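Dear colleague,

I am passing on a structure that you have not worked with before, and I would be glad if you could look through it alongside the notes below.

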Amino acid sequence: MTKKQKKKFMTQTFKLKRGQISFEKDRIIISDYAKFDKYSRLITNIFLFVLGVTNIRRFYLEGNQKLYYLWIILLVLILLISTITISKSAKSVILFKEIKSTQFRQRLNSNYLDIKLKNNRLRRISQIENIEELEEYILKHILAG
């Protein structure tokens, strides 16, 4: 950004259903429940992992092969979901120089803004109230500059 653009730059805020996203001159400030969601998902996965290990042991000792293999498959899925959850970012302050790319997505009735960071983590912002206005702002001010 040039000096003239820095002087004119004002903080722009967009509402989320559970929070807000603000754009300042060199950073994005996100206030949502991403950290809570991430850590509650991880705690649930740890609980399910412990339950899975105990059930695998129990069904192995009982000789019930079908439930034994079912729990092994479930355990692999739990580990996969945990790995994906750990690889996502829950940062609330993102500097523009950390951003690798941005992409807007829509699944069913939900809109997402995916911010890929330079450390290959993904910061997903969901439940955006006015997605068109946010997309226009990012294209005009962030990606153009």
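What covers the buried residues of H4? The model is a predicted one, and in it the cover includes four strands, namely E1 (12–16), E2 (19–23), E5 (99–107) and E6 (110–117).

To begin with the helix, H4 runs over residues 131–142, and its 12 residues should span 16 Å at 1.5 Å a residue, which agrees with the 15 Å between its end C-alpha atoms. Its buried residues are Ile131, Leu134, Tyr137, Ile138 and Ile142, and because they cover an arc of only 125 degrees around the axis, they lie on the same side of H4. On the other side of the helix, Glu132, Glu136, Leu139 and Lys140 are exposed.

Turning to the strands that take part in this cover, E1 and E2 are joined by a hairpin through 2 residues and pair in the antiparallel sense over 5 bridges, with glutamine 12 having phenylalanine 23 of E2 as its bridge partner.

E5 and E6 belong to an open sheet of 3 strands, ordered E5-E6-E7 with antiparallel pairing, in which E5 and E7 (122–126) are the edge strands, each pairing on one side only. Neighbouring strands of this sheet are turned by 20 degrees against each other on average, direction ignored. H4 packs on the sheet, where the helix touches E5 and E6, and its direction makes about 160 degrees with that of E5. Within the sheet, E6 and E7 pair over 5 bridges in the antiparallel sense, and lysine 116 stands opposite leucine 122 in E7.

Definitions and conventions. Residues are numbered from 1 along each chain as its sequence is written. This is a predicted model: local features need pLDDT of at least 70, side-chain atom pairs count only at pLDDT 80 or more; totals for chains, interfaces and linings use all residues. Side-chain values use heavy atoms; hydrogens and water are left out. The expected span of a helix is 1.5 Å times one less than its number of residues. Buried means under 20% relative accessible area, exposed over 50%, partly exposed in between (1.4 Å probe, protein chains only). The arc is that of the directions from the helix axis to the C-beta atoms. Contact means heavy atoms within 4.5 Å. Two strands pair if DSSP finds at least two bridges between them. Axes are lines fitted to C-alpha atoms, for helices over the stretch in contact, and angles run from 0 to 180 degrees between N-to-C directions.
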